[in-house]
Amino acid sequence: MTSAQPNNIFVLGAGSYGSCLAILLAHAGHRVTLWCRRRELAEALAAERENRAYLPGFALPHGLIVTHELAAVAQADFVLGVTPSHAVRTMFSQISPLLAPHAVVVNAAKGLEEGTLFTIEDIFAQVLSPAHAARATYLSGPTFARELAARLPGAIVLAGRDEATTIAAQHALSTETFRIYTSTDVAGVLLGGALKNVIAIAVGVADGLSMGSNARAALITRGLAEIARLGVARGADPLTFAGLSGLGDLVLTCSGDASRNRRVGLALGQGQPVAQATGLGNMVAEGVKTTAVAHALAASLAVDAPIVEAMHSILFGGQPPAEAMSRMLTRSLKSERA
């Protein structure tokens with residue numbers, strides 16, 4: 001079901017995902033403003049009506065406004081945060097004083113903060129007003145930008161602690177091809193969306209080493225168990241990880257050719273040095289930074305996370321991928337539910 005009336009929507013971040021959401025919501029009839037961090041990118045998008053750097057081949061709908069100025073956020077009913085996770089604190093600290101009292105923040109970033117081990121919700125609690133933080137919602141699930149921009153069908157989950165606001169955002173942002181489900185498990189939705197990127201790197205490594213389909217299936221399944229252990233230790237509902245933001249996002253990110261995190265792992269498994277494999281140009285592979293944070297998180301919670309450990313040893317410890325995978329495979333035997 002789509003929104004009965006148009007809303008003012010401010011999309012913070014003009015990468016591939018931010019651009020696709022802006023295009024999707026503008027086509028649905030909303031008044032959309034797309035904010036670009038770099039002035040030159042904003043000028044190029046406004047002139048060319050296409051984001052050739054991040055989402056080539058998709059025209060920006062008539063009426064979609066492109067800007068470099070943050071002041072426009074003051075008119076927004078919904079603010080979609082689609083920046084890399086490491087930029088969330090800085091960006092929302094800047095816009096917090098500008099938000100209208102009724103505005104609803106919708107986070108679409110996936111990651112954990114280095115140093116603090118914070119989720120995006122933890123960051124919002126520090127940088128947003130208490131009212132905006134309490135009503136904030138969190139979007140996560142198995143969606144690739146190009147497919148959404150092409151208006152191919154996709155389903156996603158929106159988590160929030162204020163039920164009325166979450167349902168209002170669900171109805172406002174859903175379209176005929178973009179189906180939104182709601183959840184009250186903010187911790188589970190955020191952790192599933194962040195940690196699956198680490199598992200996707202591992203699957204890419206296994207594929208790069210030609211370990212086969214059996215290994216891929218095992219990594220996805222054991223990766224889900226690992227994510228659930230970490231999530232439950234942080235207070236999440238284990239059933240959340242069987243849903244769109246858990247299993248759904250994990251399967252897509254581990255198997256889809258458009259997955260940047262899987263491509264990083266694939267390059268590592270094929271023998272590329274870490275610096276080269278993680279250099280994806282202007283596209284961010286969140287799983288690299290998240291691996292470091294997840295490794296620290298698992299240690300702080302005393303949670304067994306062998307896949308996270310293996311990826312950390314490759315990305316930050318200099319261990320060859322084949323050795324890291326062999327070490328993981330030869331761990332002591334145990335129960336599946338251990």
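The model is a predicted one. The protein has 15 helices and 10 strands. Its radius of gyration is 19 Å, close to the 20 Å that the globule rule gives for 338 residues, so the protein is as compact as a globular protein of that length. Along the principal axes, the C-alpha atoms fill a box of roughly 55 × 40 × 35 Å. Of the 338 residues, 55% are buried. Among contacts with a separation of 6 or more, 72% join residues 24 or more positions apart.

Next comes a pair of helices. Helix α8 covers residues 186-208 and helix α9 covers residues 213-233; the two pack with their axes 9 Å apart and at an angle of about 155 degrees. That angle makes α8 roughly antiparallel to α9, because angles over 145 degrees are counted that way. The crossing of the two helices is right-handed.

The α8 side of this contact consists of Leu191, Gly192, Leu195, Lys196, Ile199, Ala202, Val203, Ala206 and Asp207, and they meet Arg216, Leu219, Ile220, Gly223, Ile227, Leu230 and Gly231 in α9. By type, the residues of the contact of α8 with α9 divide into 10 nonpolar, three polar and three charged. The spacing of such positions can be read against helix geometry. An α-helix has 3.6 residues a turn, so residues three or four places apart point the same way.

Both of these helices also take part in covering another one. Helix α14, residues 306-315, is mostly covered, with nine of its 10 residues buried. The buried residues of α14 are Pro306, Ile307, Val308, Ala310, Met311, His312, Ser313, Ile314 and Leu315. Which elements cover the buried residues of α14? Among them are α8 and α9, together with α11 (260-269), α12 (274-277), α13 (286-301) and α15 (321-329).

The last stop is a single residue. Histidine 132 lies in helix α5, which spans residues 130-135. Is histidine 132 buried or exposed? Its relative accessible area is 7%, so histidine 132 is buried, the cut-off for buried being under 20%. Apart from its neighbours within four places in sequence, histidine 132 is in contact with Leu99, Ala100, Pro101 and Ala103.

Conventions. Residues numbered from 1 in each chain as written. Predicted model: local features only at pLDDT ≥ 70, side-chain atom pairs only at ≥ 80, totals over all residues. Heavy atoms only, no water. Axes fitted to C-alpha atoms, helices over the stretch in contact; angles between N-to-C directions. Helix = DSSP H or I, 4+ residues; strand = E, 2+ residues; numbered from the N terminus. Parallel < 35°, antiparallel > 145°, perpendicular 65-115°, else oblique. Left-handed = near helix turned anticlockwise from the far one by under 90°. Contact = heavy atoms within 4.5 Å. Nonpolar A, V, L, I, M, F, W, Y, C, P; charged D, E, K, R; others polar. Buried < 20%, exposed > 50% of the residue type's maximum accessible area, 1.4 Å probe, protein only. Rg over C-alpha atoms; globule rule 2.2 N^0.38 Å.
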